[in-house]
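Today I am going through one model with the notebook open.

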Amino acid sequence: MSTKSGATMSDHAKKQSPATVSAQALGWVDEATKSVTPPLYPSTTFERNTDLSYHDGRCYTRADNPTYDQACAVLNELEGGSETRLFASGMAAAVAVLHALNPGDHVVAPKVMYWALRSFMLDSGVRAGLSFDFVDNADIADWDKHIVAGKTKLVWLETPANPDWQITDIAAVAKLAKAAGAFVVVDNTVATPLLTRPIDFGADIVMHSATKYLNGHSDVLAGSLTTAKDSEFWQRVCKQHASGGAVLGVFETWLLLRGMRTLSIRVERASANAMAIAKHFENHPEIEQVQYPGLESHVGHDIAKKQMSGGFGGMLSLRVKGGEKRAVDFHNQCKLFKRATSLGGVESLIEHRSSVEGPTSPVPADLLRLSVGIEDCDDLVNDLETALRLSK
């Protein structure tokens, strides 16, 4: 990513840890003003030179605003990619990938994944002429069965997968996909590049709903795609980005970069809180099951240890004894955990997923999804314990 806005980057950036890269935002300083805080460029258009060329190649903000440069460069460095594009939402980023496919192309994706994207695949994706097979996240044999050479063009992974937090072996699935000539895209929203770098395990493109952990403050709608290397398929994605119109606003980009500067400490704290809560309720008499990849009892724990470093994320689910009514009553009694959709913010959220997703949802009716924030862990545990007691 070029430094078109006149910023400078430390020669040591490549040697720095992810925590330093995010906190320093690569150490860029605005050359014009020496501002440590990055500038914002609201202009939607840029003046031509007298020879009809554009200064720094910038033409129109939809494709190329200087406000994008630093945020893209930071995320690109964190993911270990070659180029990053920002979108108006996580869905916009995911849909751009699907729009880069051709009618008749075959896609393999998980049965349990972000519900809005799965619904889009089965509706708009099918009407666009794409075909889909949905497989068990953790079952490599199931992936192998449905990834077909000469047929499958795209393999979509989400790990940990929302909302049961199943783990997919990225390297194993990527090997199958590459052998079949398919591209691999990994939704890395939950793990973040602080815990998992899918490109290191063979992914071609990494997707984020940047609304979640990357921004981290529940006040920006954003998405991103980072590619491992340039390719003809990536160029089709870039064309969708530039011409489709679903680009991120410059103020939202500025807020996203500000959020990423605290990514390391937020992910570390949320992961530690989630692990403590998972352990506290693992053998609780009122809880049927705790679903969290950091627990040794989790079916995907060994794979998670292999491809997650520094923690297992801030997301977990509780299956409550007493069925759907007890689960809903329990979540209604929570005070610190707010009853709200989304995840990855500094505040803790709780949600009854099956009622959100509707009657075709594969999510058990007794499951509550928790996005664990950065509050005091004892306070969070006490909130859940009190809610359990009051919901009897």
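**Cysteines.** I began with Cys238: its sulfur is 10 Å from the closest cysteine sulfur, in Cys72, which is too far for a bond. For the record, I counted a disulfide as a pair of cysteine sulfur atoms within 2.5 Å. Cys238 is also buried, at a relative accessible area of 5%; buried here means under 20% relative accessible area, exposed over 50%, and partly exposed in between, with a 1.4 Å probe and protein chains only. Cys377 is in no disulfide either, as the nearest cysteine sulfur, that of Cys334, is 14 Å away. Cys377 has 16% relative accessibility and counts as buried. I then searched the whole structure and found zero disulfides.

**Ground rules.** I noted that this is a predicted model, in which local features need pLDDT of at least 70 and side-chain atom pairs count only at pLDDT 80 or more, while totals for chains, interfaces and linings use all residues. Residues are numbered from 1 along each chain as its sequence is written, and side-chain values use heavy atoms, with hydrogens and water left out.

**The sheet.** Which order do the strands follow in the open sheet? I read seven strands in the order β3-β9-β8-β7-β6-β4-β5, with mixed pairing. At the edges I found β3 (83–87) and β5 (131–135), each pairing on one side only. From one strand to the next, the twist averages 20 degrees. My terms: helices (H or I, at least four residues) and strands (E, at least two) are DSSP runs numbered from the N terminus, and two strands pair if DSSP finds at least two bridges between them. I looked at β3 again: it pairs with β9 (residues 223–227) in the antiparallel sense over five bridges. Leu86 has Ser224 in β9 as its bridge partner.

**Helices on the sheet.** Helix α2 (residues 67–79) lies across β3, β8 (205–208) and β9, and runs at about 125 degrees to β3. Contact means heavy atoms within 4.5 Å; axes are lines fitted to C-alpha atoms, for helices over the stretch in contact, and angles run from 0 to 180 degrees between N-to-C directions. In α2, 13 of the 13 residues are buried, so the helix is largely enclosed by the rest of the structure. Gly80 follows α2 and has a positive phi, near 75 degrees. Helix α3 (residues 90–99) lies across β3, β6 (152–158), β7 (183–187), β8 and β9, at about 45 degrees to β9.

**Aromatic rings.** How many aromatic pairs does a search of the whole structure find? I got three. Rings of Phe, Tyr and Trp (its six-membered ring) pair if their centres lie within 6.5 Å; planes under 30 degrees apart count as stacked, over 60 as edge-to-face and the rest as tilted. Phe132 and Phe134 have ring centres 6.1 Å apart and planes at 15 degrees, so I logged them as stacked. Phe183 and Phe233 are stacked as well, at 4.8 Å centre to centre with 25 degrees between the planes. This pair links distant parts of the chain, with Phe183 in strand β7 and Phe233 in helix α8 (residues 232–244), 50 residues apart. Is Phe233 buried or exposed? Phe233 is buried, at 4%, whereas Phe183 counts as partly exposed at 26% relative accessibility.

**Charge over a ring.** Last, I found Arg118 over the face of Phe134, 4.6 Å from the ring centre. The test asks for NZ of Lys or CZ of Arg within 6 Å of the ring centre and within 35 degrees of the ring normal.
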